[in-house]
Amino acid sequence: MKKTLPFLLFFFSIFTHAQSVRKYSNEFMNIGVDAAALGMSNAVTASTGDVNSGYWNPAGLFRIEDSEAALMHASYFANIAQYDYAAYAKKIDDRSAWGISLIRFGVDDILNTTQLIDSQGNIDYNRISLFSTADYGLTFSYARKSQLKEITYGVNAKVIRRIIGEFASSWGFGFDAGLQYEKNDWKFGVMVRDITTTYNIWNIDEDKYNEIKDAVAGQNQEVPESTEITAPKAQLGIAKKFEFHYDYTLLAAVNLNMQFARTNDIFASDAVSIDPAVGFEFGYTELVFLRAGVGNFQNVEQIDGSTKVNFQPNIGLGFKYKGIQVDYALTDLGDQSAALYSNIFSVKVDLSIFR
């Protein structure tokens with residue numbers, strides 16, 4: 001697959017479409033992080049309690065014991081697009097913790113062929129140039145234990161930076177809020193993303209835009225609007241860990257992922273649409289972990305007009321030894337859904353082991 005003009009037009013079509021379909025703005029921030037969580041189909045809102053909680057539910061950062069770091073990498077579209085994540089979190093005192101994380105989703109070295117043909121109609125390969133498009137999400141997280149010992153809460157402040165070569169760029173700002181409650185070994189979690197809505201303000205280079213607006217006749221004829229909004233989303237979670245003979249554990253978790261609009265989710269209405277997810281983690285002596293989950297239930301219309309329910313099963317494997325944990329997740333089993341990536345690796349390190 002070549003990275004040429006169609007990819008450029010693809011990004012501009014998404015950009016212009018996002019002005020009217022606002023729920024798809026900043027969608028790269030909804031992909032997910034940490035192979036351990038992805039192996040459980042992201043059903044970790046209630047159980048998350050490590051450096052990756054800054055993404056899944058900032059309230060969970062309170063559970064870290066000292067300081068932790070995490071890294072993840074995944075590829076999209078046959079390695080054309082790269083998805084990278086890094087995070088760090090640290091305990092402040094016995095009542096609070098903080099964290100920082102960075103997500104990058106980008107396509108590099110795209111061929112810009114809009115100037116391939118000169119004014120005399122001749123093909124000139126020297127007129128081909130390269131550009132990159134990238135989305136960045138920088139998140140600052142804070143978690144604190146409430147006066148009620150069973151409850152912790154957390155907030156995220158997000159800075160969004162999106163760049164489409166020299167053609168356009170934007171800045172965005174938003175907030176998330178999360179809460180966790182634990183009682184009798186049961187864990188409950190609530191996470192609201194973009195709770196105040198997230199605003200992106202675009203700066204479009206009109207000269208560069210004019211160079212490409214006629215690349216496909218009748219398309220991209222008007223400069224897009226400069227503002228787009230990401231509407232709030234919410235996740236509700238419940239989880240419980242069962243112990244067997246001291247050496248064996250089973251974590252069972254359920255998430256209800258909600259959007260406040262009608263979508264293709266399995267439960268949909270004009271007020272709210274709900275996509276459930278279920279995940280399991282089997283552990284042995286806190287050393288080896290096997291994971292499985294199913295989620296992303298969608299009503300998909302078929303060619304004959306009928307509707308079929310698609311879903312995404314995931315499995316995963318993890319190893320933890322002396323504060324270093326390596327996790328792997330495999331998604332899109334049996335082609336039940338069009339998962340955007342298949343093989344994910346991540347690593348998490350308890351930095352206290354280096355002291």
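## A buried aspartate

Asp 50 is found in the loop between helix H2 (35-39) and helix H3 (53-56); helices here are DSSP runs of at least four residues, strands of at least two, numbered from the N terminus. This is a predicted model, in which local features need pLDDT of at least 70, side-chain atom pairs count only at pLDDT 80 or more, and totals for chains, interfaces and linings use all residues. Residues are numbered from 1 along each chain as its sequence is written, and side-chain values use heavy atoms, leaving out hydrogens and water.

With a relative accessible area of 11%, Asp 50 is buried (under 20%; exposed is over 50% and partly exposed in between, with a 1.4 Å probe and protein chains only). Its side chain makes a polar contact of 2.8 Å with the side chain of Lys 348 (N or O atoms within 3.5 Å, one able to donate a hydrogen and the other to accept it; residues adjacent in sequence count only if both atoms are side-chain atoms). A polar atom of the Asp 50 side chain also lies 2.9 Å from the backbone nitrogen of Asn 52.

## The nonpolar core

The largest nonpolar core has 47 residues (buried Ala, Val, Leu, Ile, Met, Phe, Trp, Tyr and Cys joined through side-chain atoms within 4.5 Å). Among those with the most contacts inside this core are Phe 28, Val 33 and Ile 344. Beyond its neighbours within four places in sequence, Val 33 is in contact (heavy atoms within 4.5 Å) with residues including Trp 56, Met 72 and Tyr 83.

## A partly exposed phenylalanine

Phe 188 sits in strand E7. Phe 188 counts as partly exposed because its relative accessibility is 33%.
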